[in-house]
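This briefing is for a reader who is new to the structure shown here.

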Amino acid sequence: MEGGRLKVEGGREFHDDAAQLGLLYTHKENDYVEFNREPLLPHMLSTEGPALAVGDLNNDGMDDVFVGGARGKKAGLFVQRADGVFVPWQSEVLNADSLYEDVDAIWNDVNGDGWKDLVVVSGGNEYYGADSLKWPRVYLNQEGKSFTKTIIKGVASTLSCVVPMDVNNDGKTDLFFGGRAITFAYGTVPSSYLMQNDGRGGFRDVTAGSAPGLAQIGFVKGATATDLNGDKDQDIVLALEWGGVVAFIKDGAVFRQQTLLPTKGWWSFVKAADLDGDGDVDLVVGNQGENSRVRPTLQEPVRMYYDDFDGNGLKEQFITYYLRGEEIPFANKSELDKQMPGLKKRFLYAEQFAKSAVDKIIDRALLNKAPVFTAETFSNAMLINEGGLRFRLQPMPAMAQLSNYNDALITDLNKDGKPDVVLAGNFDADVIAMGRDDADHGSLLINTGAGSFRYQQMDGVSIRGVSKKIREITVSDKRYMLIARNNETLLAISY
């Protein structure tokens, strides 16, 4: 929110106080164009920061803020003073780790010493293989004075998220790491990880034994831990790109896989709350949005075939969609030529290419044997819990379909006792043919009861850019929504 004001019906005016609060941090994305390496990607995966975490660093009862940096840039750490102003807190350990690409972070006491530690996970999709710059970091808090760093080794995936939870009910903070992608191989399913805490801030991978199927569940973009079935145990809920919304339900010592929504999309985040006031947990899930060149359905999905179609030893993404009932390639001739040069000889002219069916471009036999990923809806949505782990898909209002959403804050904006939703969206690193997703300038969903929501624009205010993370902070008993934007400044919006 930049220079304007917003009034929610029944609530207070909103305005951006980031400068007054001293939260002066600008995320600067490093210049790295993945399309030069993989021209058939639907979108880049290297611009998914910044991370944003709110917690009490020094045990003074006030919220402090961590903002992650892109590759080659320092992260920001801000400590709140008694007068409500934040001051930068310098850490040599954090500053030395500027080569990491920070995409998610949490504050949590992982070693049980009474001080909140900082856990940061890395994305960027730039580091290859087992590069140590992919590994999550745990910064152990030394009584609010400094950090010592430990590394969680062996992570081979570009990660998307970190979720704290208690896997084995021992009172210690365990961690889930969501696998986003494999560098140089978008289409190969990355590994996700369930890490058990030894009580001293050390972690070991227990995924195979504790959650069968979780390691290779898919392309995880967002996750949350919540009690879905009311048994007092934490379950894991995942938002999958090229997949559905999937849970792993705690059943004794093991988590059992349960599909909550089979409809596949480019699901980007999942948040849990009782949206309809009936006492069980509902879900808010982000997606690509319906304001898109591509509008998949169950009958006419977007598909990604992933295999070595030209026999050169390298796999490529061949993405298709439907237009007037015909499946056609998403990439244009020049993009396909870059990845599969042999097509130049087969299609000398663009007109010839444009008139060719999919199986004339790639042989049908090759398509049939290739792994296929699908998306059947791009709707941003709520999942309403109807009991027995059955969820009903309820698309968000039409005005909340104009762009993709990356995150959401669930809070009571107008103090009527019902949870409202603040959405954080937009994306500017799609392939050119897809266009920029930048139509959302600030959206609220006001809860009108029984699971219904009214869309409200942040009138007179424009949140520009790509909002990646949104968190709530408290400053002198006043609430703010803190928004971290890619390649932009922080916003601190009071309400």
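The model is predicted. The largest pocket holds about 910 Å³ of space, and the largest cavity has a volume of about 150 Å³. There are 12 aromatic pairs, and the largest nonpolar core has 25 residues.

**Largest pocket**

- The space in the largest pocket comes to about 910 Å³.
- The largest pocket is lined by 37 residues, and D104, A223, K271, D407 and R471 are the closest to its centre.
- Seen by element, two or more lining residues of the largest pocket come from each of strand 3 (52-55), strand 7 (102-108), strand 11 (158-165), strand 15 (219-226), strand 18 (269-273), strand 26 (405-411) and strand 30 (466-475).
- Strand 11 gives the most to the lining of the largest pocket, namely 6 residues.
- The lining of the largest pocket is made up of 21 nonpolar, 6 polar and 10 charged residues.

**Second largest pocket**

- The volume of the second largest pocket is about 270 Å³.
- It is lined by 15 residues, of which L323, I328, P329, F353 and A354 are the closest to the centre of the second largest pocket.
- Strand 22 (326-329) and helix 6 (350-354) are the elements that give two or more residues to the lining of the second largest pocket.
- Sorted by class, the lining of the second largest pocket has 9 nonpolar, 2 polar and 4 charged residues.

**Cavities**

- The model has 5 cavities of 30 Å³ or more.
- The largest cavity, with a volume of about 150 Å³, has a lining of 16 residues.
- H43, K221, Q288, N404 and F427 are the lining residues nearest the centre of the largest cavity.
- The lining of the largest cavity contains 3 nonpolar, 6 polar and 7 charged residues.
- The second largest cavity has a volume of about 70 Å³.
- Its lining consists of P39, L40, L41, P42, Q317, F318, I319, F330, A331, E335, L336 and V431.
- Strand 21 (316-323) and helix 4 (333-339) each give at least two residues to the lining of the second largest cavity, and strand 21 gives the most, with 3 residues.
- The lining of the second largest cavity has 10 nonpolar residues, 1 polar residue and 1 charged residue.

**Aromatic pairs**

- The count of aromatic pairs is 12.
- In one of them, the ring centres of W107 and F147 are 6.4 Å apart and the planes are at 35°, so this pair is tilted.
- W107 belongs to strand 7 and F147 to strand 10 (residues 147-151), so the pair ties together parts 40 residues apart in sequence.
- W107 and F147 are both buried.
- Another pair, W242 and W266, is edge-to-face, with 5.5 Å centre to centre and 70° between the planes.
- W242 is in strand 16 (residues 235-251) and W266 in strand 17 (residues 254-266), so their pair links distant parts of the chain, 24 residues apart.
- W242 has 5% relative accessibility and W266 has 6%, so each counts as buried.
- W89, W107, Y139 and F147 are linked into a cluster by ring pairs.

**A charge over a ring**

- R137 lies over the face of Y100, at 3.8 Å from the ring centre.

**Largest nonpolar core**

- The largest nonpolar core has 25 residues, and those with the most contacts inside it are Y186, W242, V294, V302, F330, F378 and M434.
- Strand 20 (302-307), strand 21 and strand 23 (372-375) are the elements that give two or more residues to this core.
- Strand 20 supplies the largest share of the core, 3 residues.
- W242 is named both for its contacts in this core and for its edge-to-face pair with W266.
- F330 is likewise named for its contacts in the core, and F330 also lines the second largest cavity.

**L491**

- L491 is in strand 32 (residues 491-494).
- Its relative accessibility is 1%, so L491 counts as buried, the cut-off being under 20%.
- L491 and Y480 are 11 residues apart along the chain, and their C-alpha atoms are separated by 9.3 Å.

Definitions and conventions: Residues numbered from 1 in each chain as written. Predicted model: local features only at pLDDT ≥ 70, side-chain atom pairs only at ≥ 80, totals over all residues. Heavy atoms only, no water. 1 Å grid on protein atoms, 1.4 Å probe; cavity = no way out; pocket = protein on both sides within 12 Å on 5 of 7 lines; lining within 4 Å. Points joined across faces, edges and corners; volume = space filled by probe spheres on them. Nonpolar A, V, L, I, M, F, W, Y, C, P; charged D, E, K, R; others polar. Helix = DSSP H or I, 4+ residues; strand = E, 2+ residues; numbered from the N terminus. Phe/Tyr/Trp six-rings, centres within 6.5 Å; stacked < 30°, edge-to-face > 60°. Buried < 20%, exposed > 50% of the residue type's maximum accessible area, 1.4 Å probe, protein only. Lys NZ or Arg CZ within 6 Å of the ring centre and 35° of its normal. Core = buried A, V, L, I, M, F, W, Y, C linked by side-chain atoms within 4.5 Å.
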